Amino acid sequence: MRPVLLLLVLLLLPCSALAEGFSGYAELKGFAYGERFAGEPYGAGWGTLYNKWEQRLAENQFTASVRAEWLTSPQTSPIVLDPADRKLRRPPLSVPELWLRVPLAPSHDLEFGRFQLGWGKTDGYSPADAFLPRDVTDPFADEKLPLWAVRLSGQEENLRYQAVLVPVTTPWRLPPLGSRNAPIASGALPAGTRFQEVDDAPPLPGFVALRLLATHGDWDLGVWARSGVRPAPILEFSLDPALQTGPVPVLSVARRYPREHGVGVEVSRVAGPYVLRGEAAALFSGDRDLGDALIGTLSVERGFGDGTLLITLAGNAIAPPVDRTLLFDRGLLPALIVAWNQTEEWGAWKLVWDCGLERGDGLLKGEVGYNVTDTWKVTVGGDLPYGSDRGPLGALHWARRLVAAVRRSW
Amino acid sequence: MTRKGFKPLLLLLAAALLLPLPSTPTFAGTDARSLLKESESRHRTKTQQYSGDLTVVNKEGKIRKKGWNSYRQGYAGDSKNLIRFTDPPEVKGVGFLSLPRPGSDNPDQWLYLPSMKRERRIAPQDRDASFVGTDFNYEDMEEFDHEKYKVSLQGEETVGGQPCWVITAIPLEKGSKSIYQKLILYLRKDILYLVREDLIRKGDKEPAKRLILSDIKNVEGHYVAARMEMTDLKKGSHTTVTLKQISFNRPQPTSRFTLQNLTREGGD
């Protein structure tokens with residue numbers, strides 16, 4: 001059965017829940033682009049089937065999930081299952097979660113397996129969180145990748161800790177270079193330049209991190225430190241004479257993963273109807289292309305009825321040694337992020353404005369979700385990158401699109 | 001009037017219930033304040049936990065459902081609360097933790113969103129905002145503290161076949177501003193239990209919303225309404241809440257009301 005037919009069947013199945021402890025969804029998503037780009041079509045489709053199993057085993061918690069996908073574009077990995085997400089392209093099958101949590105004491109836990117981390121305080125951009133690997137195959141989705149890791153966490157009174165060991169590097173996954181989702185700025189290379197991306201293995205060791213958190217009155221405070229391999233690659237372009245067999249140049253693209261050490265502080269405070277959040281991080285690397293960074297963020301959040309306004313300002317006090325768009329998580333800095341989320345009786349909608357303050361590029365994003373029932377949801381929206389194509393968002397102007405999705409959850 | 005801040009769904013409505021002795025007492029020199037005080041003293045429980053189902057029906061008849069587990073330790077302004085949504089799938093695992101802060105009307109509140117994998121401190125909510133898309137707003141979720149109202153006994157009326165005291169409660173407007181001009185409480189005379197509440201908004205003469213509490217059960221020596229229905233009389237929608245697996249005064253693990261527990265996926 002073709003994958004799309006399988007998804008349609010799953011969407012139309014009458015059951016509302018498979019069993020206690022099982023949840024998931026089937027989703028069909030379509031993209032309509034405003035322009036063709038380098039032979040890519042006006043439209044694309046993604047189908048996703050996601051299933052999650054959660055089980056209590058005495059005092060322990062076991063969770064496993066599997067995601068199956070079918071993409072018309074961009075290309076997917078020829079390898080069906082990539083259990084650590086270390087390959088260049090998105091695999092048709094993935095295991096987003098596979099972990100066991102064992103309580104060591106009433107407020108102390110040990111978790112190991114594959115799970116996602118979420119750090120930091122500021123929404124929109126957090127230096128504590130931004131370095132964690134993303135899959136930006138869809139550059140507007142901000143999809144975080146899970147990690148194989150061991151985490152020890154606990155709480156005593158108002159103090160909490162998290163110690164994380166990530167033995168395997170899960171790298172950022174990028175769209176095919178030269179595609180509409182990862183274009184090269186016009187004029188940077190001869191027209192028609194092709195890229196040969198090298199699927200070499202990222203380094204095996206990952207990173208270690210320690211996070212300490214405290215709550216005192218209106219204040220939530222935190223400090224963290226981490227050391228190890230940075231999951232975002234440094235791209236290295238080279239002209240291999242052996243590849244120059246056609247009329248257009250072919251560039252070989254390799255990936256390098258420098259080590260980086262970082263320390264940071266995070267704070268949030270309730271002030272009347274506002275929540276103020278801030279972070280600062282100092283990042284050190286001996287790498288010639290990555291350099292050091294001193295990143296700060298400030299955000300303010302306020303609820304208005306059934307809506308929430310969030311404004312975040314983020315910046316890096318140290319200019320990077322290379323074009324910042326090549327540093328991915330730091331590409332947009334300094335940036336202003338404004339988001340409005342509104343809940344309605346029929347569903348929800350949101351508007352997001354990401355604005356690069358240096359190059360003046362940005363992204364306007366709108367989304368409306370209509371709850372047909374508690375298990376059926378229809379979402380429509382659009383992504384409108386704008387501005388200078390030298391900025392990371394402005395460069396995506398070929399990817400301006402409308403999105404429509406239907407999801408059936410259970 | 002001051003309130004105790006946002007509290008989880010129906011936990012607080014349940015807390016507003018005036019739990020009673022099974023026999024009908026005689027109240028010499030009956031007045032609203034003494035009735036409410038007596039009800040409150042009977043109502044207090046050290047802990048409470050239940051599973052709740054919530055159904056929202058809008059005026060077109062469209063139905064939405066939600067499910068959650070609720071845990072409380074302590075009472076009124078000193079209570080710790082944890083809520084974990086179980087249904088629908090889109091909100092499964094979302095957690096809400098509220099801890100009292102000495103000397104403050106507003107408790108500390110955090111929300112855990114599984115999609116973000118971290119907890120977020122949240123500010124006291126807009127009191128007129130809808131609570132998770134229901135006909136309850138955040139003020140409706142707050143605990144009813146009669147000391148923050150001017151109360152008066154209006155008379156007696158029969159509700160659902162049961163004789164009731166009718167008490168009006170006007171916010172004293174100390175601290176947080178109420179969105180209501182007046183509440184009309186219907187207290188069952190035999191068990192001093194709230195069975196109906198009419199909520200009149202400022203500037204209105206007629207109730208904007210009506211809360212009906214029914215299916216009253218005696219669970220472990222405490223009365224509790226297993227069904228509550230809030231009707232928005234202007235919008236024509238209503239929200240029904242049913243409580244299951246209710247228990248009182250069972251010891252709660254001290255680790256339950258912690259941020260560590262809030263962030264445990266698949267946990268309580």
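Q: With Ala, Val, Leu, Ile, Met, Phe, Trp, Tyr, Cys and Pro counted as nonpolar, Asp, Glu, Lys and Arg as charged, and the others, Gly among them, as polar, how many residues in the lining of the second largest pocket are polar?
A: This is a predicted model, in which local features need pLDDT of at least 70 and side-chain atom pairs 80 or more, while totals for chains, interfaces and linings use all residues. Residues are numbered from 1 along each chain as written, chains are lettered from A and ligands numbered from 1 in written order, and side-chain values use heavy atoms, without hydrogens or water. Six lining residues are nonpolar and six are charged, and the polar ones number 10.

Q: Which residues lie closest to the centre of the second largest pocket?
A: This pocket (an open set of points on a 1 Å grid over the protein atoms alone where a 1.4 Å probe fits, with protein on both sides within 12 Å along at least five of seven lines; lining atoms within 4 Å of a point) holds about 520 Å³ of space, the volume filled by probe spheres set on the points. Among its 22 lining residues, both chains supply the closest: A:Gln155, A:Glu157, A:Asn158, B:Leu99 and B:Phe257.

Q: Which residues of chain B lose the most area to chain A?
A: The two chains bury about 3,400 Å² between them, 36% of it on carbon and sulfur atoms, as accessible area (1.4 Å probe) lost on being put together and summed over both. On the chain B side, 20% of the buried area belongs together to B:Arg118, B:Arg121 and B:Gln260.

Q: Which chain A residue meets B:Lys117 in a salt bridge?
A: Between chain B and chain A there are 13 salt bridges (a Lys or Arg side-chain nitrogen within 4 Å of an Asp or Glu carboxyl oxygen). At 4.0 Å, N to O, the side chain of B:Lys117 meets that of A:Glu97.

Terms used: Nonpolar A, V, L, I, M, F, W, Y, C, P; charged D, E, K, R; others polar.
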